[in-house]
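Subject: Structure for your files, with notes

Hello,

Here is the structure, followed by my notes on what turned up in it. Please read the notes with the structure open beside them.

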Number of protein chains: 2
Amino acid sequence: MTKNQVTSVPKPTLRRLPGYLQVLYELKKNGSIDVSSTIIANELNVKPIQVRKDIEFTGIVGRPKTGYVITELISAIESFLNWDNITDAFLVGAGHLGSAILGYENFTKYGVKIIAAFDVDSEKVGTVIHGKEIFPLEKMLDLCSRMHIHIGVITVPAENAQYVADLMVQGGITAIWNFAPVELQVPENTIVENTPFSQSLAVLSHKLKENIKRN
Amino acid sequence: MTKNQVTSVPKPTLRRLPGYLQVLYELKKNGSIDVSSTIIANELNVKPIQVRKDIEFTGIVGRPKTGYVITELISAIESFLNWDNITDAFLVGAGHLGSAILGYENFTKYGVKIIAAFDVDSEKVGTVIHGKEIFPLEKMLDLCSRMHIHIGVITVPAENAQYVADLMVQGGITAIWNFAPVELQVPENTIVENTPFSQSLAVLSHKLKENIKRN
């Protein structure tokens, strides 16, 4: 597979691969050896042709009749997603949401390990939340470059998120996972993934009110 | 404001309102009385005209020069988002992610309170996680209708998510917050908001690997 092909993988493909992995783990647990694209497709409401196309990006091609060898496919997808390497990450904003995220051990399954957190609140600095020490924000820039950190998680209030993102970019972080309800401005080579809880709940809660009014 | 205008509010507007609220809370805390759309816009990298348009949906119009009265605007947005009412919700899937979500108290700020959780694992059933009892999944349908639950949170593995969504819809749930990496098929009047952690980490982790390769 050439470099151009690798870099052109569409985001929707990347978003579907974790679902395939979950199905594969389950099949493996139940003793299956092979799996067809149709079986994966049916579990996840996706078309079989889409499953085959997505999997091709990982360099694996299914064989007629038997399909894919499950263990091979798991390794290929994990390696493609870089989930077979653990990348260290910093988190900024040790409030309610930040603390909850620090307590969620499972991110290592997805190749990410939050190793330290930062906050401006002097009452939080120096404390330990779920085994991670909270450092003052002004130490982040220096630690980022010294420890070659590439992933940053933002769980600060909306009005501080851009400032924190700028600091992260300065420190060499190129992948930002943003939980604040704001569109971050970052350089072109920086990746931002937004997971704004409050925005999802705004949509759900308002639409629910509309539904109830209509009935 | 007529019903037609209310029902036509665009999702991007709903997604921006929580950011405005965060800025308003902060300004109020610091003793401000009024705020202009420009101040809100600058904090969040949005255009002032967009802020004014979004806020109009809540029924509030700013006055020339002074702009908005902060306390009035907070009430209007909270009420528009239905965050001034707490809606009870059920969660299905008491694994790592489900447990982390059960432990996050702050959802009540966004009008949602998870009051019970369900799982198929008999070892989890009967236990209490962060103060919420875990019930067997087969009890959900009955409890949903008896307790008039309208919001469901799905934190089960991908291959079980559609089954759980179907059960929720049967039970009368019309707003689903889905953390599983799968596109759910639901009736037209059911709202789904997807927050797939694993999908966000797939995008971040793969793109990070690409960046590192290029440099």
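A residue is called buried here if its relative accessible area is under 20%. By that rule, 53% of the 215 residues of chain A are buried. Please keep in mind that this is a predicted model, and that the values below are computed from it.

Chain A overall

Chain A has nine helices and nine strands. Its C-alpha atoms fill a box of roughly 60 × 55 × 35 Å along the principal axes. If you take the contacts in chain A between residues at least 6 apart in sequence, 57% of them join residues at least 24 apart.

The sheet in chain A

Seven strands of chain A form an open sheet with mixed pairing, in the order S5-S6-S4-S3-S7-S8-S9. The edges are strand S5 (128-129) and strand S9 (191-194) of chain A; each has a single partner strand, so one side of each has no neighbour in the sheet. Further in, strand S3 (residues 87-92) and strand S4 (residues 112-119) of chain A run parallel and are joined by six bridges. In that pairing, Thr87(A) is opposite Val112(A) of S4(A).

Helix H8 (residues 158-170) of chain A lies across S3, strand S7 (151-154) and strand S8 (175-178) of the chain. The helix runs at about 170 degrees to S7(A).

Helix H4 (residues 48-56) of chain A has Val51(A), Asp54(A) and Ile55(A) buried. Viewed down the axis of H4(A), these buried residues fall within an arc of 95 degrees, so they line one face of the helix. Among the elements that cover them are helix H2 (11-29), helix H3 (37-44), strand S2 (68-69) and helix H5 (70-80) of chain A.

In H5(A), the buried residues are Ile70(A), Leu73(A), Ile74(A), Ala76(A), Ile77(A) and Phe80(A). Down the axis of H5(A) they span an arc within 165 degrees, so they too line one face of their helix. What do the buried residues of H5(A) pack against? From chain A, they meet H2, strand S1 (34-35), H3, H4 and S2, and from chain B, helix H9 (197-214). Just after H5(A), Asn82(A) has a positive phi of about 70 degrees.

The sheet in chain B

Chain B has an open sheet of seven strands in the order S5-S6-S4-S3-S7-S8-S9, with mixed pairing. Strand S5 (128-129) and strand S9 (191-194) of chain B are at its edges, and each has a single partner strand, so one side of each is left without a neighbour in the sheet.

I looked at S7 of chain B from both sides. Strand S3 (residues 87-92) of chain B runs parallel to strand S7 (residues 151-154) of chain B, and four bridges join the two. Leu91(B) is opposite Val153(B) of S7(B), and Val92(B) is opposite Ile154(B). S7(B) also pairs with S8(B), in the parallel sense and over four bridges; there, Ile151(B) has Ala175(B) as its bridge partner.

Which residues of S7(B) point one way, and which the other? Ile151(B) and Val153(B) point one way, Gly152(B) and Ile154(B) point the other way, and all are buried. Strand S8 (residues 175-178) of chain B is likewise covered on both faces. Ala175(B) and Trp177(B) are on one side, Ile176(B) and Asn178(B) are on the other, and all are buried.

A helix crossing in chain B

In chain B, the axes of helix H2 (residues 11-29) and helix H3 (residues 37-44) come within 10 Å and cross at roughly 110 degrees. That angle makes H2(B) roughly perpendicular to H3(B). H2(B) contributes Gly19(B), Tyr20(B), Val23(B) and Leu24(B) to the contact, and H3(B) contributes Ile40(B), Glu43(B) and Leu44(B). By type, the residues of this contact of H2(B) with H3(B) are five nonpolar, one polar and one charged.

Regards

Conventions. Residues numbered from 1 in each chain as written. Chains lettered and ligands numbered in written order. Predicted model: local features only at pLDDT ≥ 70, side-chain atom pairs only at ≥ 80, totals over all residues. Heavy atoms only, no water. Buried < 20%, exposed > 50% of the residue type's maximum accessible area, 1.4 Å probe, protein only. Arc of directions from axis to C-beta. Contact = heavy atoms within 4.5 Å. Axes fitted to C-alpha atoms, helices over the stretch in contact; angles between N-to-C directions. Parallel < 35°, antiparallel > 145°, perpendicular 65-115°, else oblique. Nonpolar A, V, L, I, M, F, W, Y, C, P; charged D, E, K, R; others polar. Pairing = 2+ DSSP bridges.
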